[in-house]
Amino acid sequence: MLKIAVPKGVLFDPSLKLLKNCGYKIPSDFGRKLLIEDSNQQLSLIIVRPFDMPLYVEEGVVDVAFIGKDVIEETSMSCFEILDLGYGQCRLSVAVPGFSPYRSVEDFHSFIKVGSKYQNLSKKFFIEKGIQVRIFPLGGSVELSPIVGLSDAIIDLVSTGNTLKANNLIEIETILFSTSRLVVNDAKYRLKRKEINEFILRVKEVLDDIY
């Protein structure tokens, strides 16, 4: 039986839909269970928070995982990236308040305060720009930080841009484009190569029909 990690949040529903389209009998109603098996006992699904996913993959708790490219890059997780699944399209962007004098990253002074849950990618971005930065690690409501004066800017995921507009924030630069990826644990792939390859083939066949 393959153990597969599925992330909570926006990637959860499309990931389950993909598995069902692959022919796996995933129950439709499982309440608040975080561990689910398909009715044919081919898969065991573990539902975890996106930023906990690298730990489950690297420690070999799961064989395969659905995960956003943003999490892979932020955590520098050790894994074998198999497929770009195409859904969950978004971008990691720098945004500033509408009242800010900044309209590009080049407008920033030599020091800037940034609110973000993407501390590593944020730090790397500004170091490459030659700008000193203080990162305020925020787990939620990131858009609030520049509005109340905690930070000069934010770095956060943007999908439609509606949340930025609702909070009078302007997107000024994109750092990273992200979609959902299928990844495997390197050691588990060597141990379960046949089983994992069969799973990958089923996923590819569904994706080929979609795209």
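In strand β4, V64, F66 and G68 point one way, while A65 and I67 point the other way, and all are buried. Buried here means under 20% relative accessible area, with exposed over 50% and partly exposed in between (1.4 Å probe, protein chains only). In a regular strand the side chains alternate between the two faces of the sheet.

This is a predicted model, in which local features need pLDDT of at least 70, side-chain atom pairs count only at pLDDT 80 or more, and totals for chains, interfaces and linings use all residues. Residues are numbered from 1 along each chain as its sequence is written, and side-chain values use heavy atoms, without hydrogens and water.

Why is β4 described as largely enclosed by the rest of the structure? Five of the five residues of this strand, residues 64-68, are buried, so β4 is largely enclosed. Strands (E, at least two residues) and helices (H or I, at least four) are DSSP runs, numbered from the N terminus.

Let us turn to the neighbours of β4. Two strands pair if DSSP finds at least two bridges between them. Strand β1, residues 2-7, runs parallel to β4 and is joined to it by two bridges; I4 has V64 as its bridge partner in β4. Strand β11, residues 180-184, runs antiparallel to β4, with five bridges between them, and S180 in β11 stands opposite G68.

Finally, the whole protein chain. The chain has eight helices and eleven strands, and buried residues make up 47% of its 211 residues. Along the principal axes, its C-alpha trace spans about 60 × 30 × 30 Å.
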